[in-house]
Amino acid sequence: MALGRLVPEGKVITVSPPFGAGDARIEDIKVAIGSRVERGETLALLDNIPSLESALASAEANVALQRSALEQTRSTVGASLDEATAALDRVKAGEALAFRELARLKSLKEKSAVSQSELDQAQATYSQAQEDVTKAEATVARFDSKVSENQPDVVVAARKLDSAIAELNRARRDLARGIVTAPVTGTILDIHARPGEKPGAKGILDIGNVQRMTAELEVYQSEIGLIAIGQHVELSADALTTPLSGFVNEIGYAVERQTTIRDDPAANTDARIVKVTARLGDDSSKRAARLTNLEVTGRINIEDSQ
């Protein structure tokens, strides 16, 4: 025999405010005791939601602004490329004209029809035109669409957009600081905080999978050697009209101090025990679903393993 209590499979989980919630208080509780919830479902909202939503909206607006700035910069680079291309065409035309003029003067010089100074001037004009073409080609290459993403202005605008997106992602994560969600699928067993209150040490609420109930029994360390997986367990309590039944499905590895004590004043309150978990059958689980933490007496049939 062993004393124990009924607990949902996986035990009772206390749901606390999200990490980083700080001094936030409860704004709204979305569930009631006995509600069945799915993992990830919203359980409660905190009063820091408005400020978090405002930060999110600001981050979204900044991303839109930086994306527009990047597109504007790219457009400016494209326009600069068009201007540079047009300038290149002009200087190439000037180079061609200077070349023809130089060739004409060379022909006349051979006939002594022009002076050497006129020829030298034409040569200088042609050399300057060649330099102008080289500079214009370099400008076109700098604004060429193939490498426009490497333009300093474009790079800076792109990095600003990346920073804004990072801030937006952080704002989205921060929004979770104002929303309390269910960590597991289960039933709400108790609610410890109400709207307007700051959650205390007990957290906001308790949740457990009461569709599958277990009994956590405390077996004396001197008797743990008799316990084996699969042994039948019968559970009784004053609140039960008929016993519950189940089987041993887990045996603890640690020796602990007894926590469930008999009403008998002479009972040993300093006994050492090992926790043994008994899984209830389907019918017993249904009957025990509303009796979490009920103290029970378990009778383990050790003959099942002999």
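Visitor: Where is the place of Lys11?

Guide: In this predicted model, Lys11 has its place in strand S1.

Visitor: Why is Lys11 called partly exposed?

Guide: Its relative accessible area is 46%. A residue is buried under 20% and exposed over 50%, with partly exposed in between.

Visitor: What makes the phi of Lys11 worth a remark?

Guide: Most residues other than glycine have a negative phi. Lys11 is a residue other than glycine, yet its phi is positive, near 70°. Asn293 also has a positive phi, near 75°, and is likewise a residue other than glycine.

Visitor: Where is Asn293, and why does it count as partly exposed?

Guide: Asn293 has its place in the loop between helix H4 (282-288) and S11. Its relative accessibility is 44%, which lies between 20% and 50%, and therefore it counts as partly exposed.

Visitor: Why does Thr187 count as buried?

Guide: The relative accessibility of Thr187 is 10%. Buried means under 20%, and because 10% is under that limit, Thr187 counts as buried. This residue is found in strand S6 (residues 186-191). Leaving aside neighbours within four places in sequence, its contacts include Gly34, Arg36, Asp206 and Val210.

Visitor: What makes Arg172 and Ala166 partly exposed?

Guide: Arg172 has a relative accessible area of 46%, and Ala166 has one of 45%. Both values lie between 20% and 50%, so each residue is partly exposed. Arg172 is found in helix H3 (residues 152-175), and Ala166 also has its place in helix H3.

Visitor: How far apart in space are Ala166 and Leu105?

Guide: Their C-alpha atoms are 66 Å apart, and the two residues are 61 residues apart in sequence. For Arg172 and Gly22, which are 150 residues apart along the chain, the C-alpha separation is 17 Å.

Visitor: How do you know whether the protein chain is spread out or compact?

Guide: The chain has four helices and eleven strands. Its radius of gyration is 42 Å, whereas the globule rule gives 19 Å for 306 residues; the value is well over the rule, so the chain is more spread out than a compact globule. Its C-alpha atoms fill a box of roughly 140 × 50 × 35 Å along the principal axes.

Visitor: How many of its residues count as buried?

Guide: Of the 306 residues, 34% count as buried. The chain exposes about 18000 Å², of which carbon and sulfur atoms supply 49%.

Visitor: What makes a group of residues a nonpolar core?

Guide: The members must be buried residues of nonpolar kinds such as Leu, joined through side-chain atoms within 4.5 Å. The largest such core here has 22 residues, and those with the most contacts inside it are Leu6, Leu217, Leu235 and Leu280. Among the elements that give two or more residues to this core are strand S1 (2-15), strand S8 (232-236) and strand S10 (272-280). Its largest share, five residues, comes from S7. Apart from this core lies another, of 18 residues, including Ile26 and Ile188.

Visitor: Which residues does Leu235 touch?

Guide: Not counting residues up to four places away in sequence, Leu235 touches several residues, among them Leu6, Leu217, Leu280 and Val296.

Notes:
Residues numbered from 1 in each chain as written. Predicted model: local features only at pLDDT ≥ 70, side-chain atom pairs only at ≥ 80, totals over all residues. Heavy atoms only, no water. Buried < 20%, exposed > 50% of the residue type's maximum accessible area, 1.4 Å probe, protein only. Contact = heavy atoms within 4.5 Å. Rg over C-alpha atoms; globule rule 2.2 N^0.38 Å. Areas by Shrake-Rupley, 256 points an atom, 1.4 Å probe, with all protein chains shown as cover.
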